[in-house]
Amino acid sequence: MPVFEYHPDELARISVVRRAAGLSLREVEEQRRVAQDREDRALAAPQEPRKPSELDIALCQRVEWARIERFMREQRMAVYSPNEDPRVARREERRAQRKAAEAGSGEQTDRGLPVEVLRHRIYRITARQATVPAQEALVRHIFAASAGAAAEHAQRIFDRPGSTCQNGEYRIDSVEQVLPEPGELY
């Protein structure tokens, strides 16, 4: 069966657009400031070796909030409406075209089976060394279909020979859904 996945950057942008719908310019400005603060904290934190990282997510969200703020100012919008935003419409059109192209190529190889849309999410995995629990937590962001799948993937990363995490056994402390926002459906 052909598979269509959202890219992590798409998830971040879609999440911002959905949260921005119905917000005033002042509320959008505040959200951009919050996103800037998140990006600043991510820049100051130890950098993750893989993508998506906290910095990638924060940067993408800040850029999207800034774009929406600029659009609202240019259009003199009192309240943001994604339906009036041509960039959102173009992105959705490109996503639909990509999905159709992937479905078409899948039909050739899978005899016309329907496209499966993987509802992947980004999870923040926090882990600590089992031997030194007081040590600072290690954070990784994993793109997976479920919290369990994200935890399994993270554990494989921690156990991989040559991994930066291989110095000691790591115990996963928490698995938290980051994108889309918990409760949002795509």
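This note sets out, in numbered points, the main features of a predicted model.

1. Overall architecture. The chain comprises 5 helices and 5 strands. Followed along the sequence, these elements occur in the pattern β-α-α-α-α-β-β-β-α-β. Of the 186 residues in the chain, 40% are buried. The structure contains 12 salt bridges, several of which are described in the points below.

2. The salt bridge between Arg32 and Glu69. The side chains of these two residues meet in a salt bridge, with an N to O distance of 2.4 Å. The pair links distant parts of the chain, since Arg32 belongs to helix α2 (residues 25-44) and Glu69 to helix α3 (residues 54-75), 37 residues apart.

3. The salt bridge between Glu39 and Arg62. A salt bridge also joins the side chains of Glu39 and Arg62, again described by an N to O distance of 2.4 Å. Glu39 lies in helix α2 and Arg62 in helix α3, so this pair ties together parts of the chain that are 23 residues apart in sequence. Glu39 has a relative accessible area of 7%, which means that it is buried.

4. Glu64 forms a salt bridge with Arg67, and the closest N and O atoms are 3.0 Å apart. Both residues lie in helix α3, with a spacing of 3 residues, about one turn of the helix. Is Glu64 buried or exposed? Glu64 counts as buried, because its relative accessibility is 2%. Arg67 is likewise buried, as its relative accessible area of 6% is under the 20% cut-off.

5. A network of charged residues.

6. A positive patch on the surface. Arg70, Arg87, Arg90 and Arg94 gather on the surface in a patch of positive charge. Which helix gives the most to the positive patch? Helix α4 (residues 86-110) does, with 3 residues. Arg90 is found in this helix, α4. With a relative accessibility of 44%, Arg90 falls between the cut-offs of 20% and 50% and therefore counts as partly exposed.

7. The pairing of strands β3 and β4. Strand β3 (residues 121-129) runs antiparallel to β4, and 7 bridges join the two. One of the paired positions involves Ile125, whose bridge partner in β4 is Arg140. Strand β4 (residues 138-144) is mostly covered, with 5 of its 7 residues buried.

8. Ala150 lies in helix α5 (residues 147-159). Why does Ala150 count as buried? The reason is that its relative accessibility is 0%, and buried means under 20%. Ala150 and Arg121 are 29 residues apart along the chain, and their C-alpha atoms are separated by 9.1 Å.

Key: Residues are numbered from 1 along each chain as its sequence is written. This is a predicted model: local features need pLDDT of at least 70, side-chain atom pairs count only at pLDDT 80 or more; totals for chains, interfaces and linings use all residues. Side-chain values use heavy atoms; hydrogens and water are left out. Patches are made of residues with over 30% relative accessible area and no salt bridge: like charges are joined within 9 Å, nonpolar side chains (Val, Leu, Ile, Met, Phe, Trp, Tyr) within 5 Å. Accessible areas come from the Shrake-Rupley method with a 1.4 Å probe; for residues, only the protein chains shown count as cover. A salt bridge is a side-chain nitrogen of Lys or Arg within 4 Å of a carboxyl oxygen of Asp or Glu. Lys and Arg count as positive and Asp and Glu as negative; His and the chain ends are not counted. The place of a charge is taken as NZ of Lys, CZ of Arg, CG of Asp or CD of Glu. Helices (H or I, at least four residues) and strands (E, at least two) are DSSP runs, numbered from the N terminus. Buried means under 20% relative accessible area, exposed over 50%, partly exposed in between (1.4 Å probe, protein chains only). Two strands pair if DSSP finds at least two bridges between them.
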